[in-house]
Amino acid sequence: MPKNYKVIFLSLFFIVFIIMIVAILWVNQKVENNKIDAISDNVLTLFRHELQIQKSNALFLSVALSEDKELKDALLADDEETGYRILIDKLNKLKKYTFIKDVRTQLLTQELDIFARSWDNAYAGMPLEGLREDLQLIKKVRQPKVSIDPGRLLTIKATTPFKNADKIIGFIEAIKTFDEITSILRKRDIELSVLMYDEYLNVATLMRENASFGSFVISNRNYNHIVFKDLKEINPTLFERENHLETAKFLHVLDEMRDSAGDKIGYYVLSVPHDKLGQYENMKESISFFLNLSKNDLYDVTQSNERKHGAYKSLYDRSFINLLGNLNPKEKEQFEEQARSILENYNKEELINIILNKQYQEVKKGEIR
C-alpha cells in the first residue's frame with residue numbers, strides 16, 4: 001500500500017511539474033507576443049507620422065504654388081517655355097528657403113495635358129487623362145488633395161486646382177518619391193520597403209524593371225537589398241493575413257497601402273533588425289518625444305519655423321487649417337469642406353485648445369507708446 005501512495009504521489013508531482021512548465025512557457029510566449037505587438041505599434045506610429053509629414057509638405061507646396069500670379073499668367077497665355085522657367089525658379093527658391101527639399105512639381109492644363117514639369121519639360125503637351133484616374137476626381141470636386149496613386153511611378157502626389165477667378169484653368173502638383181522617408185526611417189534603424197501590386201504596372205510603366213517577388217514590385221529606389229532578400233524568402237500569401245512577420249534577422253511590420261479611392265494597392269513593410277528592437281519596446285511614455293524631434297529632425301525645425309503641431313492631432317491637420325488664413329474669401333470656400341472634415345474628428349476640448357493656442361501665438365503688431 002505505501003508503494004501505491006508513493007507511485008500516486010510521484011505521478012501527481014510529475015503532472016503538476018509538467019503543468020507548471022507548460023504554464024511558464026505559455027506566459028513567456030504571451031509576454032513575448034505582447035512585446036512584439038507593442039514594438040510593432042510603436043514602429044507603425046513613427047512611420048505614419050513621417051508619412052503625414054511628407055503629405056503635409058507636398059500639400060503645402062502645391063497650395064502655395066497655386067497662388068502664384070506669374071505661373072497663372074503663363075498658363076493663361078499658353079506659354080509653356082515661360083511656365084517651365086518660372087516653375088523651376090519658384091521651386092528652387094522654395095527648396096532653398098523652406099523645409100521642402102526632395103520634391104518635383106508639374107503644371108497641368110484644364111484638359112489634363114502636361115504644361116510644364118520641373119524635372120523634364122520634354123513631355124509638354126502630353127495628355128494624362130487616360131493615365132491618371134485620380135485627376136478625374138480633382139476635376140469634379142475642385143478641391144486640393146494629397147494621396148498615393150500609381151502614375152508612371154508610385155509617388156506621393158498633392159494636387160491643387162489652379163484658378164482664375166472662379167474658373168479652373170489648370171492644376172499644380174507637388175510630387176514626392178518614397179526615397180526621402182526611406183532615408184529618414186533608416187536613421188532610426190527602420191528599413192522601408194514600399195511594395196505595390198504588380199497589376200498596376202500597366203500604368204506604372206517606369207517601374208517595370210524594378211525588383212519584384214510574388215505579386216509585388218518594389219517602389220522605393222533606395223530600398224535595403226538585404227531586407228528585400230529576406231522578404232523574398234517569405235510566402236507572399238502571409239502578407240495578406242499577418243500584421244507582422246518574423247524571420248531570423250528581422251521583424252517585418254506590415255501596413256496596408258491604399259490609393260485615393262481607398263483601394264489596397266500594396267503594403268508598406270517596416271523592417272527592424274532583432275538587435276535594434278529594444279529601442280522600440282518601451283516607447284509608450286516617450287513616443288511624443290520622438291514625434292516632435294527634428295529630423296534634422298522635423299526638417300530643421302528652427303529654420304523652417306516648423307516647431308510642433310500644438311493642439312492639432314497631426315502636422316497635416318495643422319498645415320491644412322493654417323493655409324486657410326492665406327487665401328482670399330472665394331478660394332477659402334473650396335478649402336473649407338476639407339477643413340470641416342478634419343475638424344469633425346476633434347472633440348470640444350480639443351477645439352478649444354486649438355483656438356486658445358492660436359490666440360496665444362498670434363503676433364501683436366503696433367507702435368509702443
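In which sense do strand 10 and strand 11 (residues 264-273) pair, and over how many bridges?

Analyst: Strand 10 and strand 11 pair in the antiparallel sense, over nine bridges; pairing here requires that DSSP find at least two bridges between two strands. The model is a predicted one, in which local features need pLDDT of at least 70 and side-chain atom pairs count only at pLDDT 80 or more, while totals for chains, interfaces and linings use all residues. Residues are numbered from 1 along each chain as its sequence is written, and side-chain values use heavy atoms, with hydrogens and water left out. Helices (H or I, at least four residues) and strands (E, at least two) are DSSP runs numbered from the N terminus.

Within this pairing, Phe250 stands opposite Pro273 of strand 11. The two strands form a hairpin with five residues between them, and in its turn Gly262 has a positive phi of about 90°. Strand 10 also has a partner in strand 9 (residues 244-246), with which it pairs in the antiparallel sense over three bridges. There, His244 has Val253 of strand 10 as its bridge partner, and a hairpin of three residues joins strand 9 to strand 10. Strand 10 itself (residues 250-258) is mostly covered, since seven of its nine residues are buried, where buried means under 20% relative accessible area, exposed over 50%, and partly exposed in between (1.4 Å probe, protein chains only).

Leu51 is found in helix 1 (residues 2-65), and Leu51 counts as buried because its relative accessible area is 8%. Not counting residues up to four places away in sequence, Leu51 touches Ile148, Ile156, Phe178, Ile181 and Tyr268, a contact being heavy atoms within 4.5 Å. The C-alpha atoms of Leu51 and Phe178 are separated by 9.2 Å, although the two residues are 127 residues apart along the chain. Phe178 in turn is in contact with Leu51, Ile148, Leu154, Thr155, Ile156, Val194, Asn220, Asn222 and Tyr268, leaving aside its neighbours within four places in sequence. Helix 5 (residues 179-186) is mostly covered as well, with six of its eight residues buried; these are Asp179, Glu180, Ile181, Thr182, Ile184 and Leu185.

Asp78 has a positive phi of about 55° although it is not a glycine, and Asp78 lies in the loop between helix 2 (69-76) and helix 3 (80-97). Leu112, likewise a residue other than glycine, has a positive phi near 70° and is placed in the loop between strand 1 (104-109) and strand 2 (114-117).
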